[in-house]
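Dear colleague,

I am passing on a structure for you to look at, and my notes on it come after it. Please open it first and keep it beside you while you read.

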Amino acid sequence: MKASIVPFGSGDIPFGKALTDGEEWHRTPADWARLVRIEPRGVFKATVDGADAGVAAVTSYGMLAWLHSVIVSAKYRGQGVGKMLVDACIDYCDGLGVRTLKLDAVPTAKGFYEKLEFKPEFESLRLSRMGAKGSALVQRMRPEDLPRVEAFDQTMTKLDRTRVIRELHKDNPEWSFMARDAHGVRGYLLGRPSDIRVDLGPCVCVSGTEQWFVKLVRSAMSTAPEKTFRICVASTNHKALIALKGMDFRESQPSTRMYMGERFQETDASFAMISPEKG
């Protein structure tokens, strides 16, 4: 067996989509294209004897980066391909000077990452419910709002996520919401529709409050009451969980947030994200 790691480009999107479809991630071609645009040198493909075998990717935010989209085709599993892909991502992060690498591991993959010396941090919870009729409680985010939203996000999270915020807004402006008052931006929420649901996140609000979070989520749900909405929340963000359960969101099987390198404490201002690569 001759395995190699090569760059993943726009021409590989059908292969990537086939892998995520097999995992029922409901990732669209636009999602894949956006990931390549955001971090073109951080997306990798494995080949075995010339055949496409797997993918893995990184989204970096300066000192912190996220490992994501690690999938190996069924016929090549158990042959070290997954480790080769993760090693390529780690080497890429080392070249960027990344000090903390994080990921969300599904239960069946947790042991794999522990063998690679990733440490568990907390549960990453998935919650969902149907939309609901109602009035929008916040305004939609406009292109001219982006600089204020990006500055707010950086103040709240201590990370520069400008690339991700801009790309998500560009692709889905109708699912971009912003809360503000006389003091300025108080929170924002970005969403992405797929074939079966709308994924909500990232959502960042003034730390320690839930009123803006509730308004943002309810505004999103009122946009398409006939659709299912899914959101990801850290088990450590108790205000976000209380607010979601108060809105009748229900939990599904959690993942585990894991990290390698220095510990980076995530702020309670980060109320939600649907997956690491999407903020």
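Below is what was found, taken one region after another.

This is a predicted model, in which local features need pLDDT of at least 70 and side-chain atom pairs count only at pLDDT 80 or more, while totals for chains, interfaces and linings use all residues. Residues are numbered from 1 along each chain as its sequence is written, and side-chain values use heavy atoms, with hydrogens and water left out.

Helices (H or I, at least four residues) and strands (E, at least two) are DSSP runs, numbered from the N terminus. Strand S8 (residues 176-181) pairs in the antiparallel sense with strand S7 (residues 139-140) over two bridges, where pairing requires that DSSP finds at least two bridges between the strands. Within this pairing, arginine 140 has phenylalanine 177 in S8 as its bridge partner. S8 is also joined by six bridges to strand S9 (residues 184-193), and these two run antiparallel. In this second pairing, alanine 179 stands opposite glycine 187 in S9, and S8 and S9 form a hairpin with two residues between them.

Histidine 169 lies in helix H6 (residues 162-171). With a relative accessible area of 5%, histidine 169 is buried (buried means under 20%, exposed over 50% and partly exposed in between, with a 1.4 Å probe and protein chains only). Leaving aside residues up to four places away in sequence, histidine 169 touches Met141, Arg142, Pro143, Leu146 and Ser176, where contact means heavy atoms within 4.5 Å.
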